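Reader: Hi! I'm new to this one, could you walk me through it?
Author: Happy to, let's take a look together.

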Amino acid sequence: GSVEEGRIEINAGVECYVDAERRDDIRRNHTATHLLNLALREVAGPESDQRGSMVAAERLRFDYAANRPLTPDELVRVEQLVRTGIEEGLAVHVELVPLDRAKSVDTVRAVFGEQYPDPVRMVSIGTPIDDLLSRPVDAAWMRRSVEFCGGTHLENTSEAGEFVLVSEQGLAAGVRRVTALTGAAARSARSEAAALEK
């Protein structure tokens, strides 16, 4: 945050507000990042563990383990899987769960090397968390995004509106990076691409 006027002192009264438009852009990009993580697992394989990410109002960036770049056809497939997740209008479920119970869900994705609190905040796209906990080992969960995450999210994937991958590159040995846009920025990028193709 930033102080617009006055100064912050102990016991001072403050008036705070959230920039709703900026927050909505961040929420779109964050939920799309989870859908992207799921799509990469399907296309690039289960070894495509997250190695970092950046969620901003303008775009999202996702780094993952990989021993080769994705082919153009694979990139199209990843993008389509995310767009399908958006079009399906999936509910985004968020809940604090005891860490041992959360870890028992066999498809949960967590950041490599990260320490998680107990209880941990679990975000599941398309499947209620109670369902995950009642059947922690279920092949159906492989088709859903389930992650430990403390960030802000949409209530429904349809709110993301649109998704487009704009770049893919090598970052370091064994690490690749994809950058993407959602919402109005993604629609604008698609429009510009169509104009360029013409």
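Reader: Let's start with F148: is F148 buried or exposed?
Author: F148 is buried, with a relative accessible area of 7%. One thing to keep in mind is that this is a predicted model.

Reader: Thanks! How many aromatic pairs does the structure hold?
Author: The structure holds one aromatic pair. Y116 and F148 form it, and the arrangement is edge-to-face, with 5.1 Å centre to centre and 70 degrees between the planes.

Reader: Which parts does the pair tie together?
Author: Y116 sits in the loop between α3 (99-103) and β4 (120-125), while F148 belongs to strand β5 (residues 145-148), so the pair links parts that are 32 residues apart in sequence.

Reader: And what is the relative accessible area of Y116?
Author: For Y116 the value is 21%, so Y116 counts as partly exposed, as buried means under 20%.

Reader: Switching to helices: at what angle do α1 and α2 cross?
Author: Helix α1 (residues 20-44) and helix α2 (residues 72-87) cross at roughly 135 degrees, and their axes come within 9 Å. That makes α1 oblique to α2. The crossing of α1 and α2 is right-handed.

Reader: Nice. Which residues in α1 and α2 meet?
Author: From α1 there are A32, L35, L36, A39, L40, E42 and V43, and they meet E74, R77, V78, L81, V82, G85 and I86 in α2.

Reader: How do the residues of that contact divide into nonpolar, polar and charged?
Author: In the contact of α1 with α2, 10 are nonpolar, one is polar and three are charged.

Technical notes
Residues are numbered from 1 along each chain as its sequence is written. This is a predicted model: local features need pLDDT of at least 70, side-chain atom pairs count only at pLDDT 80 or more; totals for chains, interfaces and linings use all residues. Side-chain values use heavy atoms; hydrogens and water are left out. Axes are lines fitted to C-alpha atoms, for helices over the stretch in contact, and angles run from 0 to 180 degrees between N-to-C directions. Helices (H or I, at least four residues) and strands (E, at least two) are DSSP runs, numbered from the N terminus. Angles under 35 degrees count as roughly parallel, over 145 as roughly antiparallel, 65 to 115 as roughly perpendicular and the rest as oblique. A crossing is left-handed if the near helix is turned anticlockwise from the far one by less than a right angle, and right-handed if clockwise. Contact means heavy atoms within 4.5 Å. Ala, Val, Leu, Ile, Met, Phe, Trp, Tyr, Cys and Pro count as nonpolar, Asp, Glu, Lys and Arg as charged, and the others, Gly among them, as polar. Rings of Phe, Tyr and Trp (its six-membered ring) pair if their centres lie within 6.5 Å; planes under 30 degrees apart count as stacked, over 60 as edge-to-face and the rest as tilted. Buried means under 20% relative accessible area, exposed over 50%, partly exposed in between (1.4 Å probe, protein chains only).
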